[in-house]
Amino acid sequence: FKIDLANETHEIAIQVDEMKNPEKPFIPVAINGIAVHKEYLYWTNTSKALFCRIKIRKDGKAAGDVEIIGRLEIAGVTACQFDRKRGNEHMLYLVTNGGLGGPVNGSEVEGGKVSVIDTSSFKA
């Protein structure tokens with residue numbers, strides 16, 4: 001959603017399949033962790049085990065197609081945050097639940113953890 005607090009309005013800015021729940025989700029969470037970094041919106045979809053990004057315009061609307069960055073490599077991502085330290089802005093930290101809500105391959109669960117992805121090699 002794009003929310004204008006001053007005018008008390010809102011609208012759907014981006015709506016893509018990679019943000020939605022599957023037909024019969026184990027836990028209907030869908031988007032669970034978003035971050036904006038430079039000209040990209042990053043998000044995780046817990047129900048589909050996806051980590052994605054999409055280029056956005058200044059008005060918050062899509063300026064490109066969805067890129068799937070990860071699929072099942074990091075189990076149960078629940079939140080993400082880019083490093084705020086100058087020079088480390090390309091480091092993205094991910095908090096996981098270990099796959100408790102949607103086990104990897106249907107049965108693999110691990111302990112929750114914090115993982116980091118170096119996004120500097122991603123193509124702009």
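**Rings, charges and strands**

Modeller: Tyrosine 42 and phenylalanine 51 are both buried; that word stands for a relative accessible area under 20%, whereas exposed is over 50% and partly exposed lies in between (1.4 Å probe, protein chains only). Please note that this is a predicted model, in which local features need pLDDT of at least 70 and side-chain atom pairs count only at pLDDT 80 or more, while totals for chains, interfaces and linings use all residues. Residues are numbered from 1 along each chain as its sequence is written, and side-chain values use heavy atoms, with hydrogens and water left out.

Biologist: Why is the pair of tyrosine 42 and phenylalanine 51 called stacked?

Modeller: Rings of Phe, Tyr and Trp (its six-membered ring) pair if their centres lie within 6.5 Å; planes under 30 degrees apart count as stacked, over 60 as edge-to-face and the rest as tilted. The centres of tyrosine 42 and phenylalanine 51 are 6.2 Å apart and the planes stand at 25 degrees, so this pair is stacked.

Biologist: What makes the pair of tyrosine 40 and tyrosine 42 tilted?

Modeller: Here the ring centres are 6.3 Å apart and the planes meet at 55 degrees, so the pair falls into the tilted class. Tyrosine 40 is buried, as is tyrosine 42. The whole structure holds 3 aromatic pairs, and ring pairs join Tyr40, Tyr42, Phe51 and Phe82 in a cluster.

Biologist: How do you know that the charged end of arginine 53 sits over the ring of tyrosine 40?

Modeller: The term requires NZ of Lys or CZ of Arg within 6 Å of the ring centre and within 35 degrees of the ring normal. The charged end of arginine 53 sits over that ring, 3.8 Å from its centre. Arginine 53 has a relative accessible area of 3% and is therefore buried.

Biologist: What makes the contact of glutamate 67 and arginine 53 a salt bridge?

Modeller: A salt bridge is a side-chain nitrogen of Lys or Arg within 4 Å of a carboxyl oxygen of Asp or Glu. The N to O distance between glutamate 67 and arginine 53 is 3.3 Å. Glutamate 67, at 28% relative accessibility, is partly exposed.

Biologist: Which residue forms a salt bridge with lysine 61?

Modeller: The partner is glutamate 11, with the closest N and O atoms 2.9 Å apart. Lysine 61 lies in the loop between E5 and E6 and glutamate 11 in strand E2 (residues 9–11), so to speak distant parts of the chain, 50 residues apart. A search of the whole structure finds 4 salt bridges.

Biologist: Why are E3 and E6 said to stand at the edges of the sheet?

Modeller: The open sheet has 4 strands in the order E3-E4-E5-E6, with antiparallel pairing. Strands (E, at least two residues) and helices (H or I, at least four) are DSSP runs numbered from the N terminus, and two strands pair if DSSP finds at least two bridges between them. Strand E3 (31–37) and strand E6 (67–71) each have a single partner strand, so one side of each lacks a neighbour in the sheet.

Biologist: How do you know that E4 and E5 pair?

Modeller: There are 6 bridges between E4 and E5, which run antiparallel.
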